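Reader: I would like to learn how to read aromatic pairs and helix packing. Please show me the structure first.

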Amino acid sequence: MSRTLQETVDVVVEEKVPFAVLTAGNPAPYIPLLKKAGIPFFAVVATVKQALKMEEMGACLIVAEGEESGGHIGPMTTMALIPQTASALKSVPVVAAGGIADGRGMAAAFMLGAEGIQMGSAFMVSSECTIHKNVKNAIIEADSGSIVVAKRRIARPVRGLNNALMKSFAELDTCCAPKEDYDKLWAGSCLRASKDGDTENGSIMVGQIVGLIKEERSASAIIQGVLAEYNSLRQTLPEISR
């Protein structure tokens, strides 16, 4: 959880932003502040239990993210998480995330009960994304075998491209290093990749769907491509009503 979270929430409330997205850590202490200010919030969850809790606390939309996603991951796959979440929630729509990068994934998410999709990894190589060109190239050149999960041992699993940094985490696992060693190795790793372009010692958090990401395009082109493929599938799968 960010060290500046309280300050961030204060700014959100003061500026009366249209909506807030809550993810990672425990958002419960900050929800009353958002509700008092009349700011609707979305919640990103990794389990059905979390989804039910966020619905109870007033979330207007649930993003159910499977462990196929990049970055910090939960315990459930998208295939298992989405239908159970959609069936469990009483009135809040579900957006599917984790392992989606094309129209096939969109169609599958709707078949599982989602009302929308969220994509992250696919947009990392968009023209508008400001991460270093080296990182974009590394993602484009990667395949499904290039991805590993680090830091499971300390219960902070994170998925990303396998590089020197991730191998160092594996070495910490082998020698049962203390949590402080993991934190020291992690510190600054995201900036080393995204800003400095260090693809070996930086953290490149990307999902298992990386093998489908093969070129840099505009965000508009990415979205239009997904929609075109999805709409084509709708012609052969009329049970997809959305």
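Author: Rings of Phe, Tyr and Trp (its six-membered ring) pair if their centres lie within 6.5 Å; planes under 30 degrees apart count as stacked, over 60 as edge-to-face and the rest as tilted. By this rule there are 4 aromatic pairs here. This is a predicted model, in which local features need pLDDT of at least 70 and side-chain atom pairs count only at pLDDT 80 or more, while totals for chains, interfaces and linings use all residues. Residues are numbered from 1 along each chain as its sequence is written, and side-chain values use heavy atoms, without hydrogens and water.

Reader: What kind of aromatic pair do Phe 110 and Tyr 230 form?

Author: The pair is edge-to-face, with 5.5 Å centre to centre and 80 degrees between the planes. Phe 110 is in helix α5 and Tyr 230 in helix α10, 120 residues apart; helices are DSSP runs (H or I, at least four residues), numbered from the N terminus.

Reader: How are two packed helices described?

Author: By the angle between their axes and the distance between the axes. Axes are lines fitted to C-alpha atoms over the stretch in contact, and angles run from 0 to 180 degrees between N-to-C directions. Helices α7 (residues 164-174) and α8 (residues 179-186) pack at about 175 degrees, with axes 10 Å apart. They are therefore roughly antiparallel, a term for angles over 145 degrees.

Reader: Which residues form one aromatic cluster?

Author: Phe 169, Tyr 182 and Trp 186 do. Phe 169 is buried, with a relative accessible area of 1%, and Trp 186 is buried at 17%; buried means under 20% relative accessible area (1.4 Å probe, protein chains only).

Terms used. Helices (H or I, at least four residues) and strands (E, at least two) are DSSP runs, numbered from the N terminus. Angles under 35 degrees count as roughly parallel, over 145 as roughly antiparallel, 65 to 115 as roughly perpendicular and the rest as oblique. Buried means under 20% relative accessible area, exposed over 50%, partly exposed in between (1.4 Å probe, protein chains only).
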